[in-house]
Protein chains: 2
Amino acid sequence: MAKDLKPRRPRAETPKGFRDYFGAEVTARQTMLDRIAQVYHRHGFDALETSGVETVEALGRFLPDVDRPNAGVFAWQEEAVPGGGSGDWLALRYDLTAPLARVAAQYRNDLPSPYRRYAMGPVWRNEKPGPGRFRQFYQCDADTVGAASVAADAEIIAMLADALEAAGIERGDYLVRVNNRKVLNGVLEAARVAEAQAADVLRQVDKFDKFGEAGVRQLLTTGRTDDSGAVIAGVGLADDQVGPVLAFLTSKGADNAATLANLGAAVGGSSLGAEGIDELSQIAGMLAAMGYGPDRVVVDPSVVRGLGYYTGPVFEAELTFEILDEKGRKRQFGSVAGGGRYDDLVERFTGQKVPATGVSIGVDRLLAALREKGVAGAEAQGPVVVTVMDRDRMADYHAMAAELRAAGIRAEVYLGNPKNFGNQLKYADKRGAPVAIIQGADEAARGVLQVKDLVLGARIATQASVEEWKSQPAQVECPREALVETVTEILSR
Amino acid sequence: MAKDLKPRRPRAETPKGFRDYFGAEVTARQTMLDRIAQVYHRHGFDALETSGVETVEALGRFLPDVDRPNAGVFAWQEEAVPGGGSGDWLALRYDLTAPLARVAAQYRNDLPSPYRRYAMGPVWRNEKPGPGRFRQFYQCDADTVGAASVAADAEIIAMLADALEAAGIERGDYLVRVNNRKVLNGVLEAARVAEAQAADVLRQVDKFDKFGEAGVRQLLTTGRTDDSGAVIAGVGLADDQVGPVLAFLTSKGADNAATLANLGAAVGGSSLGAEGIDELSQIAGMLAAMGYGPDRVVVDPSVVRGLGYYTGPVFEAELTFEILDEKGRKRQFGSVAGGGRYDDLVERFTGQKVPATGVSIGVDRLLAALREKGVAGAEAQGPVVVTVMDRDRMADYHAMAAELRAAGIRAEVYLGNPKNFGNQLKYADKRGAPVAIIQGADEAARGVLQVKDLVLGARIATQASVEEWKSQPAQVECPREALVETVTEILSR
């Protein structure tokens, strides 16, 4: 039975953790993604667009918790099929990799192998929203499925550099740093670190940036007392075990050859480590042959992020220019993309291991960087606003706007109530209009119109001398036929 | 407690009613939407992107059925907030108008008024899927909120014509037909049709295309017996009441002036009808002044679709070229876009009536039309495939692909296992590659490579004479330095 039907006005609110994007926020992102897509396409990658909805079963990651199948995702159950038992659980995708895994398995007999694909679109996370953390956001991925050769990794690294440049990041403002999970595993082998200890060791390795060589040595052995006197327990490695780990952490040399030689010393006799170094050497060689030198890509053992997830080469693109943080301190902009090789993509579905490597660009981070660099404007140019002095002459005003548009100029007629002319100029201001067009009955009779430079006008309003003010340079009269010419001239100022 | 955790392989399947889009299916749509967006932007419309998720409360349409809040939409309930009662019901948006209404109400103090916005993106419907009917599909809308003047309608009609041409529909292949709900209401007034009867009358009016003037006259009065002898009851209007309705249905004249005059006779003394005709006349006048003549826009009283929903001007864009239907019969392609004026957009939220007018382009229909016209290719050009004869020389092959890309040519290196060369050519075929590059050790030593024209090769394989076959015109050897030049020449054939 229907319950309370008393009319109550609904709240006009975005759901918690979701947001709306207006104007240039939308177009700047689309422009960036279009440019990146063009690079991916030129590299032979094909677009793939899966739907936002997947079965929870195919998404997978959440299945172990069968009592709460929607932890982390937005999920719901389909209505039961009559006579067919309970309905499927469906969910919004939480990334673009899980749908790729499903597609690679579902169409494995039809897709070319290797399969190169790129995907761009929103993903959803059912998480507690926070400042700057939303429950819907964009991802932008490219992956090669079914290629075991590190040539596939080299290709994606080169493509990432091209994509950043196409988006508007200049060469010299970014660096792709490459490492290999196998090298670290070789180091652990050389250091005789037991498998049970590996996670603890990796945790301390991650602190190298913070505590330096001496600090990490303490953390790996007997422990460390910090400035406040608090004691942090050590992992308990012997002194001779620490050597390879620290050699790994300090192996960055003056060039790739030096770094690779240092890594060779760090992994000692580990064949897995040697394999990793050989892969890095191959990747560096291929990139150099393609023209991607150390100004764009370097071997850098300090890339450890994501090493747990990946199985071979890993890489990270970082922007090297400085910005001011919220406290006004200079810091590097930092990471905007990362990726690497992983092998378990399709296995869940088919039981077969399929090698894959891919990259994911942080769409919001890269957009923020482009804004920082002034490449993607936060505010786009508003339209030229044709004002309405005489309601009976709407057709004339529309014809003016159409002429401007035919010349490639963004233009619109004021469509509100034209009675109050002040409102029309306020509207033009709110729209960020650079120019307003005015033609009253007297101007129409004389075959002229007024062109108002609103940018100059705003400047004069705050800075002009009395003489400038009187000369009204921000408004010019021109013949009706000279509309496009006059506006073009003002817009080019 | 977790239940059965026995490993079972998940099914790799798209959920029922959803589909995946590959390659050119994605890029052709994106190209079309980008072109349309550019037209909208140039007309002063701003992009708006709301999230896929809204509160069920804000979406609205489904609220009356409080026991089944998810009828027609995909909905789920948020987890309860501790101490805060039950969680909100959220849902995927089912169109782009409901989110616009929410935005127009939520930001009413910040948005310019009138607010012109366009939106493009997926919407979701929880309906029984059928052939060609999916539960996620794209919409592409433009609306002006807060403009009472029919100048806003004229603008959107003109913009629709521009958008169709920008997408690739040639002038002459489309026609925008304009009508006005007020005219029909005026006709009902003139015919003294009681409000309770209006819906019945409208239903018969809709059958004009099928039964013609005589048939509809029967349906409106005493009823009609069809060929099988079945009797369809009539609405019961008197003969003199039918006059205005049939005059309306047959009012299309040789030009807009004639049509408007005929409509004037049909509405008789109804002031509402006269108002509708005046609006149509104004719209036609403005469009003519902007250069949109009867080859692109006409007043046409037969546009009745959606008349129930709209409150003033309505319009429909139809493609006039013929296609063959599934039975091989010729028929017009038909409608690809429609829109009109509606007034209840924001009222649900604020209690205030806000005039609005808008257009929605049927994304899949228009894409199908572009494919029909050969404008949007179903298959895009595959990449040039650089084959791998010698695994140690991957860097050289990558350098070739990079050179081709630098010249703007889509190119990739084969990244599968190179042992079986036949597999590489099969792969190139599957990718739709126009050209394959081959360089073995001997060619490398001589500083040359082989360029294979796969398009010509495929033709020769089926059609060539023995002489042609022997001369192998589909494969040429060229100096390594002439790679780009040679490929460019072949691609331009």
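The model is predicted: local features need pLDDT of at least 70, side-chain atom pairs count only at pLDDT 80 or more, and totals for chains, interfaces and linings use all residues. Residues are numbered from 1 along each chain as its sequence is written, chains are lettered from A in the order in which they are written, and side-chain values use heavy atoms, without hydrogens and water.

**Stop 1: the interface.** Select chain A and chain B. Here 103 residues of chain A touch 103 residues of chain B (contact means heavy atoms within 4.5 Å). The two chains bury about 8,800 Å² between them, with 53% of it on carbon and sulfur atoms. Buried area is the accessible area (1.4 Å probe) that two parts lose on being put together, summed over both.

**Stop 2: a salt bridge.** Select B:Arg116 and A:Glu412. They form a salt bridge, with their closest N and O atoms 2.8 Å apart. The term needs a side-chain nitrogen of Lys or Arg within 4 Å of a carboxyl oxygen of Asp or Glu. The interface holds 18 salt bridges by this rule.

**Stop 3: a helix.** Now select residues 24-42 of chain A. This is helix H1, which gives the most to the side of chain A that touches chain B: seven residues. Helices (H or I, at least four residues) and strands (E, at least two) are DSSP runs, numbered from the N terminus.

**Stop 4: two rings.** Select A:Phe321 and A:Phe333. Their aromatic pair is tilted, 5.7 Å centre to centre with 40° between the planes. Ring centres of Phe, Tyr and Trp (its six-membered ring) must lie within 6.5 Å; planes under 30 degrees apart count as stacked, over 60 as edge-to-face and the rest as tilted. A:Phe321 lies in strand E12 and A:Phe333 in strand E13, so the pair ties together parts 12 residues apart in sequence.
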